[in-house]
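Colleague: I have the file open. Can you walk me through a few contacts in it?
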Amino acid sequence: MKIENYIRDIQGFPKEGILFKDITPLLNNPQARTECLKILVDSLNGQQIDKVVGAESRGFFFGMLLANELNAGFIPVRKPKKLPYETISASYELEYGIDTLEMHKDAIQKGDRILIHDDVLATGGTAKAVCDLVTELGGEIVQCNFLMELSFLNGREKIKDNPIFAAITY
């Protein structure tokens with residue numbers, strides 16, 4: 001099964017000039033979703049993961065599935081003012097603007113083995129911000145894990161000091 005057959009291209013979303021990779025067909029197909037989860041888990045080669053960090057919002061879908069499969073905790077990284085407890089934050093540039101992400105201050109204990117998951121590695125801004133948050137709290141990044149990588153945007157360069165895996169590369 002080719003999971004890329006379940007990714008739909010949407011031209012001009014969220015603004016003109018962007019080709020958006022829509023994962024909703026993948027989420028809607030149980031067999032494709034299961035195959036994708038297997039690919040993501042297998043990429044870890046049995047490494048111990050204490051917590052999975054999922055980036056808002058599409059990183060939550062497979063982030064929770066990964067946490068469940070790995071018997072690990074799940075940490076949501078969210079946009080500002082969405083988390084109820086004390087947070088740390090990191091700002092970043094993305095392909096169509098600037099944004100900020102936050103994580104609870106007590107989400108990671110020093111030495112926790114962390115899997116960072118998001119749906120797409122594009123320019124690397126989001127991934128870099130999440131890596132910075134994890135590192136600030138003392139977590140050890142085991143892998144940055146993505147459904148897909150848009151390699152032509154060179155996002156890998158921003159997080160190259162960490163192991164990186166993408167199930168699909170465009």
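Modeller: This is a predicted model. In it, helix α2 passes α3 in a right-handed crossing.

Colleague: At what angle do the axes of α2 and α3 cross?

Modeller: At roughly 65°, and the two axes come within 10 Å. Helix α2 covers residues 30-42 and helix α3 covers residues 59-69.

Colleague: Which residues of α2 and α3 meet there?

Modeller: From α2, Arg33, Cys36, Leu37, Leu40 and Val41. They meet Phe62, Leu65, Leu66 and Glu69 in α3.

Colleague: And by class, how many are nonpolar, polar or charged?

Modeller: The contact of α2 with α3 has 7 nonpolar and 2 charged residues, with no polar ones.

Colleague: Switching to electrostatics. How many salt bridges does the structure hold?

Modeller: The structure holds 13 salt bridges. One of them joins aspartate 99 to lysine 79, with the closest N and O atoms 3.2 Å apart.

Colleague: Where do aspartate 99 and lysine 79 lie?

Modeller: Aspartate 99 is in strand β6 (residues 97-104), while lysine 79 is in the loop between β4 (73-77) and β5 (87-94), so the pair ties together parts 20 residues apart in sequence.

Colleague: How accessible are aspartate 99 and lysine 79?

Modeller: Aspartate 99 has a relative accessible area of 21%, so it is partly exposed; the cut-off for buried is under 20%. Lysine 79 also counts as partly exposed, at 27% relative accessibility.

Colleague: What about lysine 105, which residue does it form a salt bridge with?

Modeller: Glutamate 86, with 3.9 Å between the closest N and O atoms. The limit for a salt bridge is 4 Å, so the pair is counted. Lysine 105 sits in the loop between β6 and β7 (113-121) and glutamate 86 in the loop between β4 and β5, so this pair links parts 19 residues apart in sequence. Lysine 105 is partly exposed at 42%, and glutamate 86 is partly exposed at 45%.

Colleague: And glutamate 140, which side chain does it meet?

Modeller: That of arginine 113, in a salt bridge at 2.8 Å, N to O. Glutamate 140 lies in strand β8 (residues 140-149) and arginine 113 in strand β7, so the bridge ties together parts 27 residues apart in sequence. Glutamate 140 counts as partly exposed, at 39% relative accessibility.

Colleague: Last one. Where is threonine 169 found, and what does threonine 169 touch?

Modeller: Threonine 169 is in strand β9 (residues 164-169). Leaving out residues up to four places away in sequence, threonine 169 touches Glu149 and Ser151.

Colleague: How far apart are threonine 169 and serine 151?

Modeller: 6.5 Å from C-alpha to C-alpha, and 18 residues in sequence.

Note on methods:
Residues are numbered from 1 along each chain as its sequence is written. This is a predicted model: local features need pLDDT of at least 70, side-chain atom pairs count only at pLDDT 80 or more; totals for chains, interfaces and linings use all residues. Side-chain values use heavy atoms; hydrogens and water are left out. Helices (H or I, at least four residues) and strands (E, at least two) are DSSP runs, numbered from the N terminus. Contact means heavy atoms within 4.5 Å. Axes are lines fitted to C-alpha atoms, for helices over the stretch in contact, and angles run from 0 to 180 degrees between N-to-C directions. A crossing is left-handed if the near helix is turned anticlockwise from the far one by less than a right angle, and right-handed if clockwise. Ala, Val, Leu, Ile, Met, Phe, Trp, Tyr, Cys and Pro count as nonpolar, Asp, Glu, Lys and Arg as charged, and the others, Gly among them, as polar. Buried means under 20% relative accessible area, exposed over 50%, partly exposed in between (1.4 Å probe, protein chains only).
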